[in-house]
Amino acid sequence: MRESDKEASAKSNRSERHENLYAMLLDAIPSSVLLIDRDIRIVSANRNFLERSHRSLSNTIGHRLEEVFPAIILDNVDITSRIRQVFEENRPTRGERMTYRAPGVPRRIYYYRIHPFAWKGVVESTMLLMDDVTDQVRLGEEVRKVERHLASVVSSASDIVLSTDINGRILTWNPEAEKVSGYTLEEMQGRFFFECCAENHRKKVKQGLSSMRTGGGSQMAEWDLITKDGNGIQVSWVCSPMKNDQSQAVGIVAVGRDLTERRKLEAQLLQSQKLAALGVMAGGIAHEIRNPLAICSSAAQFLMDDGITLKLRKECAEKIHAGIQRASLIIENLLSFARPSSKTEMEVVDIPSLLEKTLTLVASQARVQTIDLVPHFPDASVLTRGRSSLLQQVFLNLFLNAINAMPDGGVLSLTMERTDGRVMIRFADTGHGISRVEMDKVFDPFYTTSPVGKGTGLGLSICFSIVRQHLGSIEIDSIEGKGSTFTVNLPTM
């Protein structure tokens, strides 16, 4: 083979390799690529275009653009004119969108641009690059939709909603915040959140924000907000850290609720509760005092009769005396309930010993009513600090209540249990029990289920007050028809 033939063959091989390399590069590009000549015929098409358009290479190369592209795209986008413009100006076009919807096929959105392919200043062909951006556009639309929704929620919220950067500088400030504070978003942006709070709360605000910056969780607090006119508003805040994908705090969101109206309602509710309690107590006092007064009044009317016998006169005097004693007892119990002594001198009290003494006071009445007393005391002493006389009043009242609940006899058991520095004393009877309706009222003053004249309705109320005075509590558990259990919980030494 001659030298010239060898050179020609080598050039041919290099050209073939270059063409193969060019084809491989085109096929590797994720975009759809078309090479178009001056006659608007397709010179080259990569694999991405052929696959997306469902065309073969032979059915594409050499064909005019309008034979390959749907007419609707050419009519609406006018790519042909843009290709001719690139040939004339030797300048690429800027990226533009085109939308294509074929019958029975979902809408697709493409981003396209045209580049000149020139040799020695002359444009020989143009390259059309197209990228399917449908998913990106839809994702962007969804993101914007979510952003608009969130912005609408924040703007429509009846609570103060604000956000800060990691250093506590305010970034967003919703309309409710503007309404409550009097400050606009422009006035608040860039200011530190703690500057908006009352002077005596700023240290706590800084500590709370610092805790969230260093990995702490959400915090709830009440910090007064200072308005533009200098007034303070009570606000309940819930602050939460905003975190990035690496779970690092990048900002803080604070939601505040104006407590002004809530505090007014609470004050009104408290006042109405006081008035309601006063009304119940006044009605109870009137009811309890009226009975002995009526007896005294009737007896006094008999005494004013000149023809009354000596025996009847004596009976009337006894009724008046008994009525006065009854009224005096009601007043004493009322004072004990209303003004329990807060300066009671405390002493060491042995609870088992005090219970045993109290049991002797009710043992005879229990025998008369055929009630079995079943005490279970610990061998060792159980000590508490208090007044033995007051605690004995509590125990005696609970014993008598249990006995009165078993008019036909039964069992009254007394147990004691120590746990975690406290002692629980349980008085359990097998009486008629207490209904669910009455359970919530047993400790109310003047509430009683005893017959008229048999009880003042202050016994359990006084017990509750005395036990609370000894830093304890008293609870009730009852089943109607099966009995009740009163549990007194006291601290031990």
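The protein has 15 helices and 19 strands. Helices are DSSP runs of H or I with at least four residues, strands are E runs of at least two, and both are numbered from the N terminus. The model is predicted: local features need pLDDT of at least 70, side-chain atom pairs count only at pLDDT 80 or more, and totals for chains, interfaces and linings use all residues. Residues are numbered from 1 along each chain as its sequence is written, and side-chain values use heavy atoms, with hydrogens and water left out. Of the 493 residues, 34% count as buried. Buried means under 20% relative accessible area, exposed means over 50%, and partly exposed lies in between (1.4 Å probe, protein chains only). Among contacts between residues at least 6 apart in sequence, 54% join residues at least 24 apart. Contact means heavy atoms within 4.5 Å.

**Five-stranded sheet**

- An open sheet of 5 strands runs in the order β7-β6-β12-β11-β8, with antiparallel pairing. Two strands pair if DSSP finds at least two bridges between them.
- β7 (170-173) and β8 are the edge strands, each with a single partner, so one side of each has no neighbour in the sheet.
- Neighbouring strands here are turned by 20° against each other on average, direction ignored.
- Strand β8 (residues 219-222) and strand β11 (residues 235-243) run antiparallel and are joined by 4 bridges.
- In that pairing, alanine 221 stands opposite tryptophan 237 of β11, and glutamate 222 stands opposite serine 236 of β11.
- β11 also pairs with strand β12 (residues 249-258), in the antiparallel sense, over 9 bridges. Here valine 235 stands opposite aspartate 258 in β12.
- The hairpin of β11 and β12 has 5 residues between the strands, and serine 247 in this hairpin takes a positive phi near 60°.
- Helix α9 (residues 202-213) lies across β8, β11 and β12, and runs at about 140° to β12. Axes are lines fitted to C-alpha atoms, for helices over the stretch in contact, and angles run from 0 to 180 degrees between N-to-C directions.

**Helix pair α12 and α13**

- Two packed helices are described by the angle and the distance between their axes.
- Helix α12 (residues 351-368) and helix α13 (residues 388-404) have axes that come within 9 Å and cross at roughly 40°.
- The crossing of α12 past α13 is right-handed. A crossing is right-handed if the near helix is turned clockwise from the far one by less than a right angle, and left-handed if anticlockwise.
- Residues in the contact include Ile351, Leu355 and Leu359 of α12, and Leu391, Phe395 and Phe399 of α13.
- By class, the contact of α12 with α13 has 13 nonpolar, 5 polar and 1 charged residues. Ala, Val, Leu, Ile, Met, Phe, Trp, Tyr, Cys and Pro count as nonpolar, Asp, Glu, Lys and Arg as charged, and the others, Gly among them, as polar.

**Nonpolar cores**

- The largest nonpolar core has 37 residues, and those with the most contacts inside it are Ile351, Phe395, Ile425 and Phe427. Such a core is a set of buried Ala, Val, Leu, Ile, Met, Phe, Trp, Tyr and Cys residues joined through side-chain atoms within 4.5 Å.
- Elements that give two or more residues to this core include α12, α13, β16 (410-419) and β17 (422-429).
- α13 supplies the largest share of this core, 8 residues.
- A second, separate core has 24 residues, among them Ile36, Val77, Ile114 and Met130.
- Phenylalanine 427 touches residues including Leu355, Phe395, Leu414, Phe486 and Val488, not counting residues up to four places away in sequence.

**Loop residues to look at**

- Isoleucine 40 sits in the loop between β1 (32-36) and β2 (42-45). Its phi is near 60°, a positive value in a residue other than glycine. Isoleucine 40 counts as buried, because its relative accessibility is 0%.
- Asparagine 90 is in the loop between α5 (79-89) and β3 (96-100). Asparagine 90 is not a glycine, yet has a positive phi of about 50°. With a relative accessible area of 36%, asparagine 90 is partly exposed.
- Isoleucine 61 lies in the loop between α2 (47-53) and α3 (65-68). At 32% relative accessibility, isoleucine 61 is partly exposed.
- Isoleucine 61 and isoleucine 42 are 19 residues apart in sequence and 5.3 Å apart in space, C-alpha to C-alpha.
- Leaving out residues up to four places away in sequence, isoleucine 61 touches Ile42, Val43, Ser44 and Ala45.
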